[in-house]
Amino acid sequence: ARAAEPAGDAKGVAPVVTAVVSAADVTARVAQLGAEISADYQGKTPVVVAVLNAALLFVADLVRALEVPHEVEFLAVTRVGEGGRVRINMDTSVSLQGRDVLLVEDLVDTGLTLSFLRELFETRQVASLRTVTLLDKAPRRIVEVPLEYRGFEVGEEFLLGYGLDHAGRYRNLPSLWAVLDFAAFTADPEVLHRTIATGDRVSS
């Protein structure tokens, strides 16, 4: 689902934010992913490893949609500098050696972080490794990485909602929104709250 290109308002002012994926569409797609993943892991007990913080809402809904036994673990990473170097801030609490691992990402863009994580898990001698991402920002890809499951393909806009935040805000939204004018949004981040409160899908 790519962000639309809505017209400005009656005064010709360019929009600041626009709805990208509705809460209903998110719920339906997560259920579909849960069914696909369950079918692929029949007879297995995968370890679902979510990358914090943004994947928290996604993984919470995803594991409830799984119909196979599974365990849940968490991992937190930080990308350092422009070269894509990744630092692990919080590691899994159990060994992944010999386990079937499902890595859960909120968004894959350059592929640098995911490439690092896949290489890391391979060194830990996992039995199998698959990745599911809610959002795929393919236009920003620098390193090609396997994505066995993806929720939505999106453009290059800055996204908010369903785990994605700006300065810690808006993670709790059940839908996804694109920021079309980042400078205007950072100057007035309340614009998204006002848009939602009025029931609009576009705000300027």
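Trainee: Which are the buried residues of α3?

Mentor: In this predicted model, the buried residues of α3 are L112, T113, L114, S115, L117, R118, L120 and F121. They are covered by parts of the chain that include β2, β3 (71-80), β4, β5 and β6.

Trainee: Why are the buried residues of α5 said to be on the same side?

Mentor: In α5, which covers residues 191-198, the buried residues are V191, L192 and T195. They take up an arc of only 100° around the axis, and therefore they lie on the same side of α5. What covers them includes β1 (17-21), β8 (158-160), β9 (176-179), α4 (182-187) and β10 (202-203). Just after α5, G199 has a positive phi of about 80°.

Trainee: What makes β4 and β7 the edges of their sheet?

Mentor: The sheet is open and has six strands in the order β4-β3-β2-β5-β6-β7, with mixed pairing. β4 (85-90) and β7 (149-153) each have a single partner strand, so one side of each is left without a neighbour in the sheet. On average, neighbouring strands of this sheet are turned by 25° against each other, direction ignored. Helix α1, residues 23-40, packs on the sheet and touches β5, β6 (128-136) and β7, and its direction makes about 160° with that of β7.

Trainee: How do you know that β2 and β5 pair?

Mentor: Two strands count as paired if there are at least two bridges between them, and strand β2 (residues 47-52) and strand β5 (residues 100-108) have four bridges, in the parallel sense. At one place, the bridge partner of V48 is L102 in β5.

Trainee: In which sense do β8 and β9 pair, and over how many bridges?

Mentor: β8 and β9 pair in the antiparallel sense over three bridges, and L160 has W177 in β9 as its bridge partner. They belong to an open sheet of four strands in the order β8-β9-β1-β10, where the pairing is antiparallel. β8 and β10 stand at the edges of that sheet because each has a single partner strand.

Trainee: Why is the aromatic pair of F158 and F182 called edge-to-face?

Mentor: The planes of F158 and F182 are 65° apart, and planes over 60 degrees apart count as edge-to-face; the centres lie 5.2 Å from each other. F158 lies in strand β8 and F182 in helix α4, so the pair ties together parts that are 24 residues apart in sequence. F158 has a relative accessible area of 31% and is therefore partly exposed, and F182 also counts as partly exposed, at 39%.

Trainee: Why is the aromatic pair of Y170 and F185 called tilted?

Mentor: The angle between the planes of Y170 and F185 is 45°, whereas stacked would need under 30 degrees and edge-to-face over 60, so the pair is tilted, with 6.2 Å centre to centre. Y170 lies in the loop between β8 and β9 and F185 in helix α4, so parts that are 15 residues apart in sequence are tied together by the pair.

Trainee: How do you know that Y170 is buried?

Mentor: Buried means under 20% relative accessible area, and Y170 has 3%, so Y170 is buried. F185 has 0% and is therefore buried too.

Note on methods:
Residues are numbered from 1 along each chain as its sequence is written. This is a predicted model: local features need pLDDT of at least 70, side-chain atom pairs count only at pLDDT 80 or more; totals for chains, interfaces and linings use all residues. Side-chain values use heavy atoms; hydrogens and water are left out. Buried means under 20% relative accessible area, exposed over 50%, partly exposed in between (1.4 Å probe, protein chains only). Helices (H or I, at least four residues) and strands (E, at least two) are DSSP runs, numbered from the N terminus. The arc is that of the directions from the helix axis to the C-beta atoms. Contact means heavy atoms within 4.5 Å. Axes are lines fitted to C-alpha atoms, for helices over the stretch in contact, and angles run from 0 to 180 degrees between N-to-C directions. Rings of Phe, Tyr and Trp (its six-membered ring) pair if their centres lie within 6.5 Å; planes under 30 degrees apart count as stacked, over 60 as edge-to-face and the rest as tilted.
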